Amino acid sequence: MTDGVGMSSCCLSGAVHEGKPTGRVDQIGGLQTYIAEPKTGSKEKTVVIISDIFGWEFTNTRLLADEYARAGLYTYIPDFHEGDSLPLDFLQNIEPPLKKREQLSVTEKATNAAAIPTTLGPWLVKHREAVSRPLIDGFINTLRMTPGTNKIGAVGFCWGGRYAILQAHGRTEGSVGGVDAAFAAHPSLLAVPGDFDPVSKPLSLAFGTKDSLVDEKTRGQILDLMSKKTDVEHEIQFYEDQVHGFALRSDWSSDADKKAMDEATRQGIEWMTKYLA
């Protein structure tokens with residue numbers, strides 16, 4: 001059994017993308033929220049993006065929401081961190097992308113690793129499941145009561161990836177939260193099998209083969225668990241030589257990394273489009 005697959009400095013690496021988000025900001029269910037609307041304005045297919053540790057204002061995440069909207073999905077990025085996301089400085093200051101990280105000396109790598117508990121420890125305690133899950137459940141319920149909203153999907157990355165999986169769990173009548181489909185890219189802090197046994201809604205997963213947070217053994221366990229769920233639609237895609245964070249923070253100067261990110265984006269959009277229909 002694997003319990004609580006952790007979070008390393010890999011979670012803090014990546015690149016900030018260029019571009020200007022085209023959505024708007026509003027308050028939904030008491031949370032500041034970025035909203036990207038499709039041209040039709042229809043909420044028939046609604047997506048909630050649960051961000052990584054860098055939060056709802058991260059340009060990469062907002063640009064991704066705009067892509068989902070262009071595909072016809074009404075997309076929200078709520079501030080589930082309530083103004084306490086980690087600063088973007090950590091993207092480069094804690095650890096650079098893979099091609100630079102491989103050039104670091106043993107001493108430099110050790111220095112980076114030692115900084116992780118100080119950086120992430122207190123933040124993860126503050127935003128533990130007992131605090132964050134009720135916020136996410138409540139937001140989903142608010143959307144359920146929003147006129148025009150039909151089916152809802154959860155899309156999560158890294159820290160948010162696990163919560164997207166949790167939203168795909170079965171719910172009893174009258175319970176809070178729960179979506180109609182979920183997509184999680186490089187989820188972290190996973191409990192295996194605990195997070196996957198209760199999954200009852202269509203679930204799509206994307207992992208990099210060099211993800212240091214979810215190793216090959218754990219990925220194999222997840223694959224085995226989901227393969228036994230013959231009554232639950234699911235897919236698991238593995239992206240060769242991609243590290244944790246690739247689907248949101250890939251280095252666009254690398255053709256291979258950009259291609260992997262584009263394919264993961266397509267994976268999520270196609271899953272939502274199919275199962276929110």
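Predicted model: local features only at pLDDT ≥ 70, side-chain atom pairs only at ≥ 80, totals over all residues.

Q: Which way does α1 cross α9, left-handed or right-handed?
A: The crossing of α1 over α9 is right-handed.

Q: Which residues of α1 and α9 meet?
A: From α1 come Leu64, Glu67 and Tyr68. From α9 come Thr265, Gly268, Ile269 and Met272.

Q: How many residues of α1 are buried?
A: To count as buried, a residue must have under 20% relative accessible area. In α1, nine of the twelve residues are buried, so the helix is mostly covered. Leu64 and Tyr68 are among them. Both also meet α9.

Q: What span does α1 have, and what span is expected?
A: Compare the end-to-end distance with the expected one. From its first C-alpha to its last, α1 reaches 17 Å.

Q: What follows α1?
A: Glycine 72 follows α1. Its phi is positive, near 95 degrees.

Q: Which residues other than glycine have a positive phi?
A: Look at glutamate 82 and histidine 186. Glutamate 82 has phi near 50 degrees. Histidine 186 has phi of about 35 degrees.

Q: Where do glutamate 82 and histidine 186 lie?
A: Both lie in loops. Glutamate 82 is in the loop between β4 (74–78) and α2 (90–93). Histidine 186 is in the loop between β6 and β7.

Q: Is glutamate 82 buried or exposed? And is histidine 186 buried or exposed?
A: Check each value against the cut-offs. Glutamate 82 has 53% relative accessibility, so it counts as exposed. Histidine 186 has 0%, so it counts as buried.

Q: What else lies in the loop between β6 and β7?
A: Serine 200 lies there. Serine 200 has a relative accessible area of 36%, so it is partly exposed.

Q: How far apart are serine 200 and histidine 169, in sequence and in space?
A: Keep the two kinds of distance separate. In sequence, serine 200 and histidine 169 are 31 residues apart. In space, their C-alpha atoms are 5.4 Å apart.

Q: What does serine 200 touch?
A: Set aside residues up to four places away in sequence. Serine 200 then touches Ala168, His169, Gly170 and Val232.

Q: How do α5 and α6 cross?
A: Helix α5 (residues 129–144) and helix α6 (residues 159–167) have axes that come within 11 Å and cross at roughly 60 degrees. The two helices are therefore oblique to each other. Their crossing is right-handed.

Q: Which residues of α5 and α6 meet?
A: α5 supplies Glu129, Ser132, Arg133, Ile136, Asp137 and Ile140. α6 supplies Trp159, Arg162, Tyr163, Leu166 and Gln167.

Q: How many residues of α6 are buried?
A: Nine of its nine residues are buried. Among them are Gly160, Gly161, Ala164 and Ile165.

Q: Where is valine 176, and what is it in contact with?
A: Valine 176 sits in the loop between α6 and β6. Its relative accessible area is 43%, so it is partly exposed. Leaving aside neighbours within four places in sequence, valine 176 is in contact with Asp137, Gly138, Asn141 and Arg171. Asp137 also takes part in the meeting of α5 with α6. Valine 176 and isoleucine 140 are 36 residues apart in sequence, but 8.1 Å apart in space, C-alpha to C-alpha.

Q: How many helices and strands does the protein chain have?
A: The chain has nine helices and eight strands. Of its 277 residues, 53% count as buried.

Q: What share of the contacts join residues at least 24 apart?
A: Take contacts between residues at least 6 apart in sequence. Of these, 80% join residues at least 24 apart.

Definitions and conventions. Residues numbered from 1 in each chain as written. Heavy atoms only, no water. Helix = DSSP H or I, 4+ residues; strand = E, 2+ residues; numbered from the N terminus. Expected span 1.5 Å × (residues − 1). Buried < 20%, exposed > 50% of the residue type's maximum accessible area, 1.4 Å probe, protein only. Contact = heavy atoms within 4.5 Å. Axes fitted to C-alpha atoms, helices over the stretch in contact; angles between N-to-C directions. Parallel < 35°, antiparallel > 145°, perpendicular 65-115°, else oblique. Left-handed = near helix turned anticlockwise from the far one by under 90°.
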